[in-house]
Amino acid sequence: MQNTETLSNNLLKNIPEYDFDCDGANDEITIISTNSTYSIKIKNSTVEILLKSNEFDYSLLDITPSCSINISYIDLNRNKVPELIISGFKNNKPTFYIFQWIDNTFKEILFSQNNILGILDYNNSRTPKVFTTNSSTGDKGTNSYILNSNSLKDISFSKESIPSLGNIQTLINLIEADYELDDAPDIFTSYIPSEELGILWNLNKSTYRYSFQKGYFYDISWDNLGKTTSIYWVLSFEKINFIDSNNAPEELTIHVKVNLEELDEYKISSIIKN
């Protein structure tokens, strides 16, 4: 994905630099851990700015061993100034923010505690769109937006669906199931590597159970008409050892690629476990 980087809490020692305010000088972004919460500071050429949530002030997310903080940046309105997308957990709920550089500071333009957020059409001939939904409701609960200057315009009335959401939900159900699979359902391409598909049989479900926490997606390729042909998903699960309660919960991250196949269906072509 062009102009997009992701930072998780196992990379906090590597403070990234990027020109977030488009003044020609790289800025520094720092994740601050204080009193069991995360704050985020951005230092540009003139000032230091703490990102402030309309809902939770400067304590954007909670520190939890089973859900990392993730930061991505992407130019949603193609004005050369990227928006920041931040996700994690807050008050035991999946939480997403989008911040935009407005009037010499970063302002929150989206807050969502739905457990899925994604971007489509960010780098083709169409207008970029932001989607949020809950995995439990699927497209029935999908909200969609376009960035209109300094705010997001709700276009949910258009009732756009999220490509591949149905098969991703099936994959989530397979991982959450408390039993081993007999056979793989018809949600995978014929050319998915066997060692990647085998991940589904190597989750040690006799010891661990998994609970879906949050998902983030974006499209990565398009046809000549701008139709999405490939989508990349990052799925976060809580991994709990139900044999030994002394073990703290962990995070299982699954990276998934889906491709547009025949009959206009998106099928999973890659699964990588972190």
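Biologist: From where are residues numbered, and which pLDDT do local features need?

Modeller: Residues are numbered from 1 along each chain as its sequence is written, and side-chain values use heavy atoms, with hydrogens and water left out. In this predicted model, side-chain atom pairs count only at pLDDT 80 or more, totals for chains, interfaces and linings use all residues, and local features need pLDDT of at least 70.

Biologist: How many helices and strands are in the chain?

Modeller: Both are DSSP runs numbered from the N terminus: helices are H or I with at least four residues, and strands are E with at least two. By that rule the chain has two helices and 17 strands.

Biologist: What is the radius of gyration of the chain, and why does the chain count as compact as a globular protein of that length?

Modeller: The radius is taken over C-alpha atoms, and the globule rule is 2.2 Å times the number of residues to the power 0.38. For 274 residues the rule gives 19 Å, and the chain is close to that value, so it is as compact as a globular protein of that length; its radius of gyration is 19 Å.

Biologist: What share of the residues of the chain count as buried?

Modeller: Buried means under 20% relative accessible area, exposed means over 50%, and partly exposed lies in between (1.4 Å probe, protein chains only). Of the 274 residues, the buried share is 51%.

Biologist: How many disulfides does the count come to?

Modeller: A disulfide is a covalent bond between the sulfur atoms of two cysteines. Here the rule asks for a pair of cysteine sulfur atoms within 2.5 Å. Cysteine 22 is partly exposed at 38% relative accessible area, while cysteine 67 is buried at 1%. The count of disulfides is zero.

Biologist: Is phenylalanine 237 buried or exposed, and in which strand is its place?

Modeller: The relative accessibility of phenylalanine 237 is 0%, so this residue counts as buried. With contact meaning heavy atoms within 4.5 Å, and neighbours within four places in sequence left aside, phenylalanine 237 touches residues including Ser66, Ile172, Tyr210 and Leu252. The place of phenylalanine 237 is in strand 15 (residues 228-241).

Biologist: Which residues is threonine 207 in contact with, leaving aside its neighbours within four places in sequence?

Modeller: Threonine 207 lies in the loop between helix 2 (194-197) and strand 14 (208-222). Its C-alpha is separated by 35 Å from that of aspartate 219, twelve residues away along the chain. Apart from those neighbours, threonine 207 is in contact with Ile240, Asn241, Phe242 and Ile243.

Biologist: What is phi of arginine 78, and what is phi of asparagine 104?

Modeller: Most residues other than glycine have a negative phi. Arginine 78, in the loop between strand 6 (70-74) and strand 7 (83-90), is partly exposed at 37% relative accessibility. Asparagine 104, in the loop between strand 8 (93-102) and strand 9 (105-112), is exposed at 63%. Phi is positive in arginine 78, near 55°, and positive in asparagine 104, near 65°.

Biologist: How far apart in space are serine 158 and asparagine 143?

Modeller: Serine 158 is in the loop between strand 13 (151-154) and helix 1 (165-176), and is partly exposed at 35% relative accessible area. Serine 158 and asparagine 143 are 15 residues apart in sequence, and their C-alpha separation is 9.5 Å.
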